[in-house]
Amino acid sequence: MKKMIWLLGCLLVLSGTGLRAQDAADLTRYVDPLIGTAHCRWFHFTPGAAPFGMAKPAPSTNGHEGNPNGWEAVGYDYRHTSIEGFPNFHEFQVGGVSLMPTTGTLITTPGERKDSLSGYRSAFDHQHEKATAGYYAVLLKRYGIRAELTATERVAFQRYTFPAGNNSHILFDIGNKQGESGEVKDARVYMSADGRIEGYVITLPAYVQKYQPGAEVAMFFSAVVDKQPLGYGTFRGDSQTAGSREISGKGAGLYLTFATREQETVTVKIGLSYTSIENARLNLQREAATMTFDAARERTHGKWNEYLGRITVKGGLRADRIKFYTGLYHALLGRGLASDVNGAYPKNTGGVGNIPLDKQGRPLHNHYNTDAVWGAYWNLTPLWALAYPEYYSDFISSQLLVYDDAGWLGDGIACSRYVSGVGTNFVGLVIAGAYNYGIRDFDTRKGYAAALKNEIGYQHRPEGAGKDDVERFRKYGYVNHIDPPPGQWCFSSSHTLEYSFSAFAVAQWAKALGRKDDYRTLLRLSKGWELLFDTATRYMRPRYADGSFVSNFKPAEPWRGFQEGNAGQYSFYVPHDPQGLIRKMGKEEFNKRLDSIFTAAQKTVFGGGTTIDAFSGLEAPYNQGNQPCLQMPWLFNYSGKPWLTQKWVRAICNEFYGTEGIHGYGYGQDEDQGQLGAWYVLGAIGLFDVQGGAAARPSMQIASSLFDRVTIRLNKKYYKGNQLEIVTHNNSAANIYLHHPTFNGKPLRDNSILFEQLTKGGTLEYTLSGTPAAP
């Protein structure tokens, strides 16, 4: 008996140990998708999704209101108190196919956000809400319904737990606008003979209409419900038709009515597609034909842990780990699938294209939707290169589909339609960056041709390809400033700086390929920034075609020559030649000004302070909440004062980033499909590529990691090493300064290391102290 008790005790101990080990491997427990959801974008809060998935079911508090300009915060807001439905498509300029469970009298309009009893919306509170990577649940207080969401890559799962009654409903609100999707052009929803609910919605997003007028975005679905309805019907607004099986046109919707027992669940599986109802049905069949909600949740939970587990951290505060894995989660959430299991994808020019298949009948790569890659070279692409190179490669092959179909790269695409967004185009740099990082398993010949055309081509260039002033850039060596009429913007100087940077990146690729004429042309263009540098003020200053600088120049003034920023911020925008900029500005002035910028910026939380607005930091000396500034704290590594990089990167990680719904990424600032989350990941581990992959042999700048140990699992298909470790000693909140960095035991001469050296694997190690290292 004693032996049996002893054995039972051992089993319990081992079981407990196993549970602790399993818990330790569950990195999703550090992911809090609610962080930064006050004033967040449509695509930001989609906790039900798989990594890089097409199916992104999520709650909406105001999605039906849309947004007139296509970029405003809409969808889910942490400050709101009622939910109006659960849409399944959430991408930049793409949204639709919303479901909502209700009970009682059938109501078929969403109502107004400020009145939780209007329409079919329901009050909720955060106390009865759970959100993590791959799963969401909430109690709809008005109805006593628990709603749960999860997904595979192309199939959304929605499970509702109803109270007892004969009037339990599920609404399929298809023909109304959702989030950034714009006005609805057409819609259809029907119940097939076998009980499937299928249909489509065709929308006219604001940015698609701006950059590719007349183009549209279509979303298709095929849903199955695991319970036979008691009744059904269609609706359009308040008008309802019981017994009707089909309805078309704007506002089209369909409802199902059930008799439910207390706590009975009804699950809806929704296959999604951007090409056809048939492919939505196929996606559902291939991915989830027999899969239950719990099986899908477990599968997606495992996939999130695998992706998050590419980078593991030890030590640091729990808040640091929450920021880290939530940031990594956001970096892996946006820019989701746009192609089907059979390789079908929506073409830029209309119709359906087909990605080539391998011998097993699987697509050679995927296609993706994406917001613009403006700034992505300072966060997303180096992170992808380090830990997710297979996705980086896929992403480039995806962009080249648009180039094949339309003849030009698109900086941002919604179902392949052009949505340039910022009017520039950095995809050429992103492609060149992959090549320079050593990711070359895409069509490099086509990639180079597309990148070169993106930098220097201007004849018949469509507006959606961005960079509509390339001809002026080539003519003058800079984009000449033209003062626009009131209410219009002109980005001559920021475009000059950006085009100089991307030209340099493609120039390095041209040199590697022996394309000497291309190299000379691109290298000359890469020096365009020098023509804007005003030696009198030592600022970048807009310049007219006759060579004169603009008068009444105000360095803190945004929009006049500078997009979403000002001259004070953009004067440090020479990532491809920081040493050249330091020489122009003078090292003493460079360090003094840059340090004073961060001293001042700290008073406004390194952005727009506590003002909740995407553009609140545009006049600030530094704005972490937007793209043009994100390399600035790392520039001290080039100017002889690396300890200031260590100081300010650590301060930004601690103060700009939060763990709350309102203070997450600044205060309601623009996270842009994972960019600010990815920046935190890089800052927290202390590695950053100022040149964004543009150098022929990219290097990473080193700052002080927040963690005692970081382990990055390397992809052996691309890199020689198995893993990269970053080990710190004496790490604490006070010890932020780096001493004696070594790699594999060999001292590093400065605080940088070649990317190719890192990916051979090994250990980057250093000691941290409360005092800076001697210069």
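Analyst: Let us start with helix α12 (residues 516–525), in which Asp518, Tyr519, Leu522 and Leu525 are buried. Buried stands for under 20% relative accessible area, exposed for over 50%, and partly exposed for what lies in between (1.4 Å probe, protein chains only). Helices (H or I, at least four residues) and strands (E, at least two) are DSSP runs, numbered from the N terminus. Please keep in mind that this is a predicted model, where local features need pLDDT of at least 70 and side-chain atom pairs count only at pLDDT 80 or more, while totals for chains, interfaces and linings use all residues. Residues are numbered from 1 along each chain as its sequence is written, and side-chain values use heavy atoms, with hydrogens and water left out.

User: Why are the buried residues of α12 said to line one face of the helix?

Analyst: Seen down the axis of α12, they fall within an arc of 130 degrees, so they line one face. The arc is taken from the directions that run from the helix axis to the C-beta atoms. The face of α12 turned away from the buried side carries the exposed residues Lys516, Asp517 and Arg520.

User: What do the buried residues of α12 pack against?

Analyst: They pack against α9 (444–456), α10, α11 and α13 (528–532). Contact means heavy atoms within 4.5 Å.

User: What makes Phe473 and Tyr499 an aromatic pair?

Analyst: Rings of Phe, Tyr and Trp (its six-membered ring) pair if their centres lie within 6.5 Å; planes under 30 degrees apart count as stacked, over 60 as edge-to-face and the rest as tilted. Phe473 and Tyr499 are 5.4 Å apart centre to centre with 75 degrees between the planes, an edge-to-face pair. This pair links distant parts of the chain, with Phe473 in helix α10 (residues 470–476) and Tyr499 in helix α11 (residues 492–512), 26 residues apart.

User: How do you know that Phe473 is buried or exposed?

Analyst: Phe473 has 1% relative accessibility and therefore counts as buried. Tyr499 counts as buried too, because its relative accessibility is 1%.

User: How many aromatic pairs does the structure hold?

Analyst: The structure holds 54 aromatic pairs. One of them joins Phe324 and Phe707 edge-to-face, at 5.4 Å centre to centre and 80 degrees between the planes. Phe324 lies in helix α5 (residues 318–331) and Phe707 in the loop between β28 and β29 (709–713), so the pair ties together parts that are 383 residues apart in sequence. Both Phe324 and Phe707 are buried.

User: What makes Arg543 count as lying over the face of Phe549?

Analyst: The rule asks that NZ of Lys or CZ of Arg be within 6 Å of the ring centre and within 35 degrees of the ring normal. Arg543 lies over the face of Phe549 at 4.8 Å from the ring centre. Arg543 also lies over the face of Tyr478, at 5.9 Å from the ring centre.

User: Why is strand β11 called largely enclosed?

Analyst: Seven of the eight residues of β11 (residues 197–204) are buried, so the rest of the structure largely encloses this strand.

User: How do you know that β11 pairs with β10?

Analyst: Two strands pair if DSSP finds at least two bridges between them. Strand β10 (residues 183–191) and β11 have eight bridges, in the antiparallel sense. In one of these bridges, Val189 has Gly199 of β11 as its partner. β11 also pairs with strand β12 (residues 217–225), antiparallel over seven bridges. There, Ile197 has Ala223 of β12 as its bridge partner.

User: Why is Asn552 called exposed?

Analyst: Asn552 has a relative accessible area of 56%, which is why it is called exposed. Asn552 sits in the loop between β24 (539–540) and α14 (567–570). Its phi is positive, about 50 degrees, although Asn552 is not a glycine.

User: And what about Phe52, buried or exposed?

Analyst: Phe52 is buried, because its relative accessible area is 4%. Phe52 also has a positive phi, of about 55 degrees, although it is not a glycine. Phe52 is found in the loop between α1 (2–25) and β1 (82–83).
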